[in-house]
Amino acid sequence: MKSKGAVKLFAIAMAVVSVFQLSFTWVTYRIEKEAKAFAEGDVIKERAYLDSIAREPVYNLGFAEYTYLQCKERELNLGLDLQGGMNVTLEVSLGEMVRTLANNNPDPGFNKAIELAAEKMKTSQADYVTLFGEAYKETVPEGRLAAIFANQTNKDRIKVSSTNEEVLVYLREEANQAIDRSFQILRARIDKFGVTQPNIQKLEGSGRILVELPGVDNPTRVRKLLQGSAKLEFWETYDNAEAFKHLSSANDMLAKVMKSEAGTKSDSTKTDTAASALAGLAKPSAIKPDSTKKDTANKEKTFEEFSAENPLFAYLRPYADENNMLITKGSACGISMVKDTAKINAMLNRFEVKAVLPSTIKFFWAYKGFGNNNEAVVLHAVKAGKDGNPSLEGDKITDARRDISQSGDIEVAMNMNAEGARIWKNLTKQNIGKSIAIVLDDVVYSAPTVQNEIPNGRSSITGSFTNEEAADLANILKSGKLPAPTRIVEEAVVGPTLGAESISQGLLSMLIATIVILIFMVIYYGNSGYIADFAVLTNVFFIIGVLASLGAALTLPGIAGIVLTIGMAVDANVLINERVKEELLNARSIKNAVADGYAHANSSIIDANLTTLIAGFVLYVFGTGPVQGFAITLIIGILSSMFTAVLLSRVITEWRLEKGATVHYVTNLSKNLFQNLNYKFVENRKKFYIFSGIIIIAGVVSIFTKGFTLGVDFKGGWTYVVQFENDQTSSDIREKLTSVFGSAPEVKTFGAGNKFKITTTYMINETSEGASDMVETKLNEGLAPMGKSQILSSAKVGPTIANDIKVASIWAAIISLLGIGLYILIRFRKWQYALGAIIALTHDVLMMLGFYSIFDGILPFTMEVDQAFIAAVLTIIGFSINDTVVVFDRIREFLGTHHHENNKGKVINDALNNTLNRTIITSLTVFLVALVLFIFGGEVIKGFTFALLVGIVFGTYSSIGIATPIVIDFDKKKE
């Protein structure tokens with residue numbers, strides 16, 4: 001084999017990278033274990049411990065140091081289904097935005113168009129503005145949108161003469177900006193929420209935003225946080241000189257109070273001062289570690305001693321030098337480590353401190369930090385009016401945009417309405433030379449200095465802006481202009497109990513499946529099975545290492561993907577070993593048999609894996625949430641298994657042979673198994689057609705008469721997994737809930753007799769902020785008479801999301817079939833092979849659908865058609881085509897080597913019998929793996945794994961009984 005060195009080098013590099021990436025997971029696990037031991041069950045104390053070391057180096061590799069926070073960012077993420085938490089999809093209410101842009105125009109046609117656009121959104125994949133344009137044209141065929149939207153606010157963008165297309169372009173730009181604003185506001189709020197490893201991303205083209213919050217235990221608080229209106233304000237400020245006097249008074253008061261408090265202990269978790277940690281981070285270069293009040297007398301004091309005399313300044317570095325001379329102007333009055341801001345807030349909010357501070361002073365932190373990893377943040381002092389309110393609120397802003405000044409610098413231009421211009425004129429007149437703080441949700445985004453009075457409401461904010469920073473600030477300023485609220489259209493909450501249960505079940509199933517495969521390979525192939533086992537284990541290690549490197553989350557479907565990859569990775573080893581066995585039967589030497597066996601198997605392995613990859617990529621593109629996690633794992637597993645099975649196992653085998661070791665490919669059990677087979681597959685193909693036809697017809701009849709139980713992600717609704725203290729019956733629960741919901745919910749057992757899955761469409765179209773809490777209250781009200789119960793998980797899918805998922809699933813199946821068919825056509829260069837493959841795959845899908853419909857309600861577990869079922873269908877498409885390609889490859893080989901044979905049917909039949917050994921062994925190993933998942937994987941994926949079991953059986957059967965006969969029959973017609 002050539003390039004052995006490159007294979008070894010790549011394998012070593014992959015191993016090193018995987019070890020390096022996974023080492024962060026071990027470090028965070030060790031630290032969190034220490035935190036639990038320290039806290040002794042106190043969650044708040046545990047969190048405080050982790051916060052205190054968040055930015056401390058905890059992992060030293062010699063060439064680099066990593067803090068706990070950095071290790072946490074690099075660890076292997078667990079999906080919400082494994083660790084608990086909340087997953088939310090929010091949709092920006094663009095209908096509200098359109099109304100506001102039109103100044104709430106009362107025109108009947110306009111308002112009817114908005115209502116019609118909202119209806120269209122439920123069944124269309126187009127964006128809202130496009131649908132609004134279509135709706136307006138249907139409602140008012142001759143109407144002109146310029147007459148609705150042209151006003152003083154947007155006179156620079158829309159003229160009375162503007163066409164409808166020009167108005168729609170304007171609306172689309174505003175809609176995109178509204179989504180960007182919502183994204184920025186949500187990101188800032190989530191950062192303040194204090195969740196570890198949150199994820200927020202825009203779902204491009206949909207106007208939706210995905211938010212994942214691991215570990216949250218208060219869904220109500222999260223809903224209020226995410227759906228609340230933005231609060232943009234303009235505040236007058238205290239200059240640093242004024243603020244420093246007040247902070248000094250607060251510091252002195254805190255020293256007195258803490259000294260007098262009995263039993264007060266100093267914070268001794270650090271040996272050095274928080275002040276020294278800030279050295280060099282503050283923007284003013286004159287700030288030094290010893291530059292706090294009374295510092296000249298305290299230089300040699302410990303942090304405990306210093307903080308006893310200066311409780312506030314021990315954590316907050318004021319902008320003053322060692323002689324208390326102020327070194328900066330503006331509203332920025334100090335700097336603190338991010339981890340200490342909660343301590344400072346608590347100090348400044350004490351009633352004793354408020355008593356010595358003016359009633360008009362307020363303190364807000366800046367939005368952006370600085371220093372390494374943004375670990376330091378600036379404090380601003382703002383001045384409230386007599387009523388405690390800001391001088392100006394953001395609803396007076398009419399426009400804001402990034403612009404270029406006459407000098408060529410980047411600036412932000414801002415316009416206000418008439419009322420805002422009047423207030424702004426007085427405000428700027430009174431604050432020339434002072435700062436005005438721009439505050440969104442109590443966070444300072446900018447504090448520009450007023451240069452002169454601004455009489456007309458048109459202002460420009462200058463500074464050292466980058467293009468991105470200027471655009472961000474413009475978006476922030478416009479957040480008060482357009483009330484485009486966000487509403488939750490999909491959510492899922494997984495409690496920690498169900499998460500822990502999923503971890504144990506997932507790991508158990510993976511362990512058992514791995515052991516079953518490893519033992520089987522050794523029993524069937526002898527000591528060559530050990531090499532295959534090593535390749536399989538290396539494959540699993542590489543999968544997990546790559547997942548950690550990519551920052552991808554490991555979900556329960558992801559674990560299922562790893563387990564399936566283990567089974568499917570064996571396919572390559574089986575192909576190779578069977579080819580080597582054939583060469584040995586032809587009296588080849590072991591070295592030549594190995595070389596030829598790998599060479600002959602490569603084509604089939606590459607074809608089979610590439611077709612499975614097509615299904616994996618389609619699943620990733622069209623799937624969402626956990627389904628995407630499954631697809632990522634499957635894709636990584638297929639690529640990794642091609643390397644470990646085809647290249648790494650060969651290097652190890654040839655190395656052992658060079659060392660003089662004996663490598664066996666048969667055992668007493670497998671020596672004569674599947675030898676000299678001569679089943680009449682070709683002759684009996686019509687029997688296969690009849691058998692399949694009967695089952696498919698029965699399935700189709702069941703589909704049209706009985707139908708399916710659609711999952712909540714296909715039909716919309718609320719679903720809850722509830723655990724009762726005692727066993728209950730589905731009928732009793734349904735009866736109790738019908739009285740409170742007004743309609744009968746679906747109630748099904750979920751594993752044990754005290755766990756149930758409850759689905760209802762009650763209030764599903766309600767978009768108010770408290771809808772989720774109201775439904776949950778009704779649920780608890782209905783269940784109250786049945787004794788103590790606990791909601792383990794919950795999910796909501798709105799009608800619009802449900803339709804999108806349904807459409808995406810249909811497209812996923814169609815594109816998979818067409819993509820695989822095209823690949824087969826190119827690879828085998830005969831349309832009969834492509835047709836046979838597509839018909840066989842369609843046959844497998846119809847079989848799975850039929851079985852799901854026929855046995856739904858008969859078998860004792862949930863059989864819902866949902867995203868997980870679609871993932872199973874696409875996985876089986878990949879598995880079945882894998883099997884079909886190997887069969888086709890052997891047929892093509894036999895037709896080439898037996899081209900002198902007149903009876904083509906006999907040649908094809910011989911090819912099928914020849915490959916039957918590999919087909920059965922591969923299918924058996926994958927079936928065993930899926931069976932382990934079905935038995936031990938838990939209730940969450942039981943329906944998914946049942947679909948896989950059905951698909952594996954019929955996918956194996958169709959490769960021989962359907963795909964090949966189609967090729968034969970259509971090839972005859974051509975001849």
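**Close-up views of a predicted model**

View 1. Helix α1 spans residues 4-39 and α2 residues 43-52. They pack at about 135°, axes 8 Å apart. The crossing of α1 past α2 is right-handed. On α1, the contact (heavy atoms within 4.5 Å) uses I31, E32, E34, A35, K36, F38 and A39. K45, E46, Y49 and L50 contribute from α2. These contact residues divide into 6 nonpolar, 5 charged and no polar. The model is predicted: local features need pLDDT of at least 70, side-chain atom pairs 80 or more, while totals for chains, interfaces and linings use all residues. Numbering starts from 1 along each chain as its sequence is written, and side-chain values use heavy atoms, without hydrogens or water.

**View 2. F24 and Y59 form an edge-to-face aromatic pair.** Ring centres within 6.5 Å make a pair, and planes over 60 degrees apart make it edge-to-face. Here the centres are 5.5 Å apart and the planes 90°. F24 lies in α1 and Y59 in strand β1 (residues 57-60), so the pair ties together parts 35 residues apart in sequence. F24 is buried (under 20% relative accessible area), at 0%. Y59 is buried at 17%.

**View 3. F132 and F149 also pair edge-to-face.** Their centres lie 6.4 Å apart, with 90° between the planes. F132 belongs to helix α7 (residues 128-139) and F149 to helix α8 (residues 146-149), so parts 17 residues apart in sequence are tied together. F132 is buried at 1%. F149 is buried at 0%.

**View 4. F688, F691, F851, F855, F954 and Y957 form one aromatic cluster.**

Methods: Axes fitted to C-alpha atoms, helices over the stretch in contact; angles between N-to-C directions. Helix = DSSP H or I, 4+ residues; strand = E, 2+ residues; numbered from the N terminus. Left-handed = near helix turned anticlockwise from the far one by under 90°. Nonpolar A, V, L, I, M, F, W, Y, C, P; charged D, E, K, R; others polar. Phe/Tyr/Trp six-rings, centres within 6.5 Å; stacked < 30°, edge-to-face > 60°. Buried < 20%, exposed > 50% of the residue type's maximum accessible area, 1.4 Å probe, protein only.
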